[in-house]
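I opened this model to learn its layout. These are my notes, in the order I looked things up.

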Amino acid sequence: MTDSATAMTGTDPQEEIQSDAQLAAELASDELNPKALSTPGRKRLARKRLVFDVVVLAVYLASANPGITGIPVHEWVGLGAFVLLAAHCAARGMWRGTGGKRLGLTILNVLVLLVTALCVVSGVMVSGTVLPAFGLFADGYYFWDPLHAVAAKMLLALLLVHVAVHIPWIAGALKK
């Protein structure tokens, strides 16, 4: 399999994976700098990450509209959105350091993750589909439901800020 892949692309897939890992580390350490996307390898990896990010955002947006999807889909897709967000944080690394903009981005990332967890926990506690699927029921609807509504609004606001902060990186990834 490796021989045919090498013959088709002219590169060893294992070398490409190692190269992607090195590029990912470099991009993660300098993500706020759009000039970090100056090499073709970095730009290729940035575009792959951007596609993943768009998928995560699309799943979130689908789960954020229970009026469109219906409550059962809202609940299950919401859980999927949380899993994708956790994968996004693991792939990108939440911790950016303590200097200036990096500290602000770290704080923003932590807030997004905490508010998402609060939204998921409160959503599961008022669930009409997920908990009953496991034979469970939670009391405290009048506590959890307003908390879920507030957390959902906070999450939307934080995600808008997160996307706005990354507009230079997005623009750099999209440039030819």
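The entries below go from the whole chain to single residues.

**Ground rules.** I am reading a predicted model, where local features need pLDDT of at least 70, side-chain atom pairs count only at pLDDT 80 or more, and totals for chains, interfaces and linings use all residues. Residues are numbered from 1 along each chain as its sequence is written, and side-chain values use heavy atoms, with hydrogens and water left out.

**Whole chain.** I looked up the elements first. The protein chain has nine helices and zero strands. Helices (H or I, at least four residues) and strands (E, at least two) are DSSP runs, numbered from the N terminus. I then asked how much of the chain is buried. Of the 176 residues, 32% are buried. Buried means under 20% relative accessible area, exposed means over 50%, and partly exposed lies in between, with a 1.4 Å probe and protein chains only.

I checked the surface next. The chain exposes about 10,600 Å², and carbon and sulfur atoms supply 72% of that area. Accessible areas come from the Shrake-Rupley method with a 1.4 Å probe; for residues, only the protein chains shown count as cover.

I also looked up contacts (heavy atoms within 4.5 Å). Among those between residues at least 6 apart in sequence, 62% join residues at least 24 apart.

**The core.** Which residues form the largest nonpolar core? I found 10: Tyr60, Leu85, Cys89, Leu105, Leu108, Val112, Val115, Leu155, Leu158 and Leu159. Helices H5 (71-92), H6 (101-125) and H8 (141-165) each give two or more residues to this core. H6 gives the largest share, four residues. A nonpolar core is a set of buried Ala, Val, Leu, Ile, Met, Phe, Trp, Tyr and Cys residues joined through side-chain atoms within 4.5 Å.

I followed two of its members. Tyrosine 60 is in contact with Ala81, Ala152, Leu155, Leu156 and Leu159, leaving aside neighbours within four places in sequence. Leucine 105 sits in helix H6. Leucine 105 counts as buried because its relative accessibility is 4%.

I looked up histidine 162 and found it in helix H8. Its relative accessible area is 17%, so histidine 162 is buried. Histidine 162 touches His88, Leu108 and Asn109, not counting residues up to four places away in sequence. From leucine 105 to histidine 162 I read 57 residues in sequence and 8.3 Å in space, C-alpha to C-alpha.

Histidine 88 is in helix H5. At 13% relative accessibility, histidine 88 is buried too. Histidine 88 and phenylalanine 52 are 36 residues apart in sequence, with 8.0 Å from C-alpha to C-alpha.

**A surface patch.** Leu57, Leu61, Val163 and Ile167 form a nonpolar patch on the surface, with about 310 Å² of accessible area together. Patches are made of residues with over 30% relative accessible area and no salt bridge; like charges are joined within 9 Å, nonpolar side chains (Val, Leu, Ile, Met, Phe, Trp, Tyr) within 5 Å. A salt bridge is a side-chain nitrogen of Lys or Arg within 4 Å of a carboxyl oxygen of Asp or Glu. Leucine 57 belongs to helix H3 (residues 40-63). Leucine 57 is partly exposed, at 34% relative accessibility.

**Aromatic pairs.** How many aromatic pairs does the structure hold? I noted three. Rings of Phe, Tyr and Trp (its six-membered ring) pair if their centres lie within 6.5 Å; planes under 30 degrees apart count as stacked, over 60 as edge-to-face and the rest as tilted. Tyrosine 141 is partly exposed at 42%, whereas tyrosine 142 is exposed at 75%.
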